[in-house]
Amino acid sequence: MKTQLLSTLALMMLGCGSGGSTSPDAAPDAPPDAAPLPRFDPLAGAGTVTLVQGGYMFTEGPQWREAEGDLVFSDIPANTVYRTVAGGAPVVLRMPSGNSNGLAVDGAGKLLAAEHGSRGITRDGVTIASMFEGKRLNSPNDVIAAADGTIYFTDPPYGINNRPDELDFMGVFRLAPDGTLTAEHRGPLTARPNGIGLSPDGKLLYVADTAVGKIYKFPVETGGALGARADFVTTSAGPDGLAIDTGGNVLVATSVGIEAFSPTGQRWGAIVTPMQPSNCAFGGADHKTLYITARNALYRVDLAHAGLPLR
């Protein structure tokens, strides 16, 4: 999941049309203290879901890299990160990958990875977080970098396997630019914090909890700390990775496909995929291609509206 470049986003939004919608949902109003967002149904005008490549073990963590003009994604059991450019077959970028899951890119263009194998967060393969209060993390699952360099990640137990768990909670963590690691939310052991993303203005952090079928939202306070958690939406079963577009719509992988919700929590509908998806990310030169990882394959679908700028 995905670095927010707010200055670039502002430029994109100035040039973005409002777009019509045939959805019965009323287009959401922006909060009074936020810049107006373009209003559109993110699924209107969507193309056909097409296969990029299949034959993998379990795909996850799609991430567009603007500087390289490529998409990277993880195959967790294969211990590999792949890259693909438009029209080309995916090739190995990094192996072994620490059984990476979620991927992101920081402001310097370095690749962040949430690794099940190492039970840590790495930057270009170098561990930057693996311990909290003298204990090993569970198995970091998804990661995103904010414009100020703050890194947020989720830490469920999916990748622990037969190794002992050490933390007594399922957390949402913040790694400050100075390297300080903070547990911003300590959930019960039954929780499964998973996909993670930031709103267009960077003021809300969204986190999917796979166990309860919900997406939560946390206000991002000055300095990057998170405020109190609140419910955002209840999804179909198994919400996983998510992506956010320039209108603030949240697109999340669930049991029915890629579900889309407005910033106010109204459901627009879903993109049906051939297999249950695990994650999604915007990419392409115009950021209007949604890449979808789904079980043993990578898919893509062209949308009429752009996703948040990635780097």
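**Walking through a structure of strands**

Let's start with two neighbours: E2 and strand E3 (residues 70-75) pair in the antiparallel sense over five bridges. Strands here are DSSP runs of E with at least two residues, while helices would be H or I runs of at least four, and numbering starts at the N terminus. Two strands count as paired if DSSP finds at least two bridges between them. What you are looking at is a predicted model, in which local features need pLDDT of at least 70 and side-chain atom pairs count only at pLDDT 80 or more, while totals for chains, interfaces and linings use all residues. Residues are numbered from 1 along each chain as its sequence is written, and side-chain values use heavy atoms, leaving out hydrogens and water.

Back to our pair. Then find Arg-65, whose bridge partner in E3 is Asp-70. E2 and E3 form a hairpin, with four residues between them. In that turn sits Gly-69, which has a positive phi of about 65°. Is E2 mostly covered or open? E2 is mostly covered, as seven of its seven residues are buried; here buried means under 20% relative accessible area, exposed means over 50%, and partly exposed lies in between (1.4 Å probe, protein chains only).

E2 and E3 belong to an open sheet of four strands, in the order E2-E3-E4-E5, with antiparallel pairing. At its edges you will find strand E2 (59-65) and strand E5 (91-94), each of which pairs on one side only. If you follow a strand by eye, remember a handy rule: in a regular strand the side chains alternate between the two faces of the sheet.

Asn-79 is in the loop between E3 and strand E4 (80-84), and its phi is near 60°, a positive value in a residue other than glycine. Asn-79 counts as partly exposed because its relative accessibility is 21%. The other place is Pro-96, found in the loop between E5 and E6. The peptide bond from Met-95 to Pro-96 is cis, with omega near 5°. Why stop at these spots? Because most residues other than glycine have a negative phi, and most peptide bonds are trans.

Moving on, you come to another open sheet of four strands, in the order E6-E7-E8-E9, and the pairing is antiparallel here too. Its edge strands are E6 and strand E9 (126-129), and each pairs on one side only. Strand E8 (residues 120-123) is joined to E9 by three bridges, and the two run antiparallel. One spot to look for is Thr-122, which stands opposite Thr-127 in E9.

Strand E6 (residues 100-105) is also where you find Ser-100. Ser-100 counts as buried because its relative accessibility is 0%. The side chains of Ser-100 and Ser-74 are joined by a polar contact of 2.8 Å. (A polar contact is a pair of N or O atoms within 3.5 Å; within protein, one must be able to donate a hydrogen and the other to accept it, and residues adjacent in sequence count only if both atoms are side-chain atoms.)

Another serine, Ser-262, lies in the loop between strand E22 (257-261) and strand E23 (267-271). With 0% relative accessibility, Ser-262 counts as buried, and its side chain makes a polar contact of 2.9 Å with that of Thr-264.

For a contrast, visit Pro-177, in the loop between strand E14 (170-175) and strand E15 (181-187). Is Pro-177 buried or exposed? Pro-177 counts as exposed, because its relative accessibility is 59%. The C-alpha atoms of Pro-177 and Asp-148 are separated by 7.9 Å, although the two residues are 29 residues apart along the chain.

Our last stop brings strand E1 into view. Which strand is joined to E1 (residues 50-54) by four bridges? That partner is strand E26 (residues 297-302), and the two run antiparallel. Gly-54 stands opposite Ala-297 in E26. E26 also pairs with strand E25 (residues 289-294), in the antiparallel sense over six bridges, and Thr-289 stands opposite Asp-302 in E26. E25 and E26 form a hairpin with two residues between them, and Arg-295 in the turn has a positive phi of about 55°. In the loop between strand E24 (279-283) and E25 you can find His-287, which has a positive phi of about 60° although it is not a glycine. At 6% relative accessibility, His-287 counts as buried.
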